[in-house]
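My notebook is open, and I have a few things to look up in this one. Here is the structure I am working from.

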Amino acid sequence: MDFNSLGENSIVHIVRKKPFEYLTGTLKSKTAKQQQSQYLLQQVQQPVDVVITVNGSDEVVPGIQQGMEAVEYRGSFYCTTADGAQQAIANMMQMASNGKAEMPYYDSILQKGEKYMEHLNPQYAEGKRQARSIKALEERQDAQDKKLDRILSRLDEFFDSPKK
């Protein structure tokens, strides 16, 4: 069943990409403009705009072509059937699986890319060197602060302890 043949209050299945979720809405209205072709004496079916109510809010999906059972619009898939929603979810799962398999590749780009950027760009390398120096100084300061806290704590214990 396509959007053109969908009636008001029909269920529309929605698959959001980010954040990923599945939900349903109801078709509130649709508008289709029919124009007469100047060359043919027949009506030409134009795209339909639909308004779908989702969780109390209306979402407009414009320009749905005739015969479409599923459309992608602004980060969501709108489907007239559960099968269409299942296909959208299956496609997203496949993309996620492919992306997961590529993670080592992307990690290597990030790791090696840093080295290559430092090699190719002296200013970038200097900024990274300074950042590493600052981080090392902060870590050293944190360690010294902890030692000082231990020393002060022991001094407090020593001076606060009852004398024999």
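I started with the outward side of helix α1: the face turned away from its buried side carries the exposed residues D83, Q86, M93, K100 and A101. I kept in mind that this is a predicted model.

Next I listed the buried residues of α1, which are G84, A85, A88 and M92. Looking down the helix axis, I found them within an arc of 105°, so they line one face of α1.

Then I turned to the nonpolar cores. Which residues of the largest one touch the most other members? I noted F3, V12, V50, I52 and Y78, out of 14 residues in that core. The elements giving it two or more residues are β1 (11–16), β2 (21–36), β3 (43–54) and β4. Strand β3 supplies the largest share, four residues.

A second, separate core has six residues, and I found F77, A85, A88 and M92 among them.

I also checked V50: leaving out residues up to four places away in sequence, its contacts include F3, L27, V60 and I64.

My last entry is P62, in strand β4 (residues 57–64). Its relative accessibility is 36%, so I logged P62 as partly exposed. Beyond four places in sequence, P62 touches V48, D49 and Y73. I also noted 7.9 Å between the C-alpha atoms of P62 and P47, which are 15 residues apart along the chain.

Key
Residues are numbered from 1 along each chain as its sequence is written. This is a predicted model: local features need pLDDT of at least 70, side-chain atom pairs count only at pLDDT 80 or more; totals for chains, interfaces and linings use all residues. Side-chain values use heavy atoms; hydrogens and water are left out. Buried means under 20% relative accessible area, exposed over 50%, partly exposed in between (1.4 Å probe, protein chains only). Contact means heavy atoms within 4.5 Å. The arc is that of the directions from the helix axis to the C-beta atoms. A nonpolar core is a set of buried Ala, Val, Leu, Ile, Met, Phe, Trp, Tyr and Cys residues joined through side-chain atoms within 4.5 Å.
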